[in-house]
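Here is a short walk through one protein model. Keep the sequence and the 3D view side by side as you read.

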Amino acid sequence: MLGNQQVLQQLNRVLTHKLTAINQYFLHARMYQNWGLQALNDRIYKASIHEMKYADDIIERILLLEGLPNLQELGKLLIGEAPAEMLALDAKLQRSDIDAIREAMAICEEQQDYVSRDMLNHILDGQEEHVDWLDTQLDLIEQMGVETYLQSKL
Amino acid sequence: MYVCLCKGVSDHTIRQAVDDGLSSMRELRQQYGVASQCGCCKQCAKEVLADALQQKQRRFAQESLIDTDVCYA
């Protein structure tokens, strides 16, 4: 089924965001593991796998619309040097992803591609949940101090 | 954070280098290899460099202001 060019362009744009997020979360997760912060590793590793599943959904959708998914392009990875900074950078990336998804959804709606919009809606749901978790962690760090917070993530 | 992942250069490294006298992207590339491999970090490196230079300048102005005050007093 031939898809709308604008929609395909937007789907590819969101795909780039997802591919970037997969790598950023994966590296952060393994950095946490390397430092012995197993609880953070588990959570962020799962986030990376979720991003991979979202990327898969988008790739399948682009192929169905007879477009070519661009797996070559990758955005700038925001890699931190300390746990608190890494969580803040993940939140920053996640927010820019959410903005991109919202813009893509608006264009899907405009071009009457409701199935793509619903798929993006499902992704957006997951993203909002993750950004909320990240915000909670940053609040906790502010309230209890980073040392105490990290003690609960061993 | 890491500005250039290819060469492992962090924003702290860049700020330290600016304090030690570095002032351009060209020097940053020559001395640390920033933006010499994939080029993804070019924009980010430019922003960090500009910010570091501005901060250095502000600090410099502040320090000389303090001196002037002392002179007048």
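Which helices each supply at least two residues of the lining of the largest pocket? They are α1 (5–34) and α3 (83–110) of chain A, together with α3 (42–72) of chain B. Helices here are DSSP runs of H or I with at least four residues, strands are runs of E with at least two, and both are numbered from the N terminus.

A word on the ground rules. This is a predicted model, in which local features need pLDDT of at least 70 and side-chain atom pairs count only at pLDDT 80 or more, while totals for chains, interfaces and linings use all residues. Residues are numbered from 1 along each chain as its sequence is written, chains are lettered from A and ligands numbered from 1 in the order in which they are written, and side-chain values use heavy atoms, with hydrogens and water left out.

Start with chain A. Chain A has five helices and zero strands. Its C-alpha atoms fill a box of roughly 55 × 25 × 20 Å, taken along the principal axes.

K18(A) forms a salt bridge with D97(A), and their closest N and O atoms are 3.1 Å apart. K18(A) sits in helix α1 of chain A and D97(A) in helix α3 of chain A, 79 residues apart. A salt bridge means a side-chain nitrogen of Lys or Arg within 4 Å of a carboxyl oxygen of Asp or Glu. Side chains of opposite charge can pair when their charged atoms come close. Over all chains, the structure holds 10 salt bridges.

Next, the interface. Chain B brings 10 residues to the contact and chain A brings nine, where contact means heavy atoms within 4.5 Å. About 750 Å² is buried between the two chains, and carbon and sulfur atoms give 65% of that area. Buried area is the accessible area (1.4 Å probe) that two parts lose on being put together, summed over both. M1(B), Y2(B) and L5(B) supply 69% of the area that chain B buries against chain A, more than any other three residues. On the side of chain B that touches chain A, β1 (2–4) and α1 (11–19) of chain B each supply at least two residues.

Now return to the largest pocket. About 250 Å³ of space lies in it. A pocket is an open set of points on a 1 Å grid over the protein atoms alone, where a 1.4 Å probe fits, with protein on both sides within 12 Å along at least five of seven lines; lining residues have an atom within 4 Å of a point. Points are joined across faces, edges and corners, and the volume is the space filled by probe spheres set on them. Of its 13 lining residues, K76(A), L78(A), K92(A), L93(A) and S96(A) are the closest to the centre. The largest share of the lining, four residues, comes from α3(A).

The second largest pocket holds about 200 Å³ of space. Its lining includes Y25(A), R43(A), H50(A), Q94(A) and H130(A). Here α2 (38–64) and α4 (114–144) of chain A give two or more residues each. The largest share, six residues, comes from α2(A).
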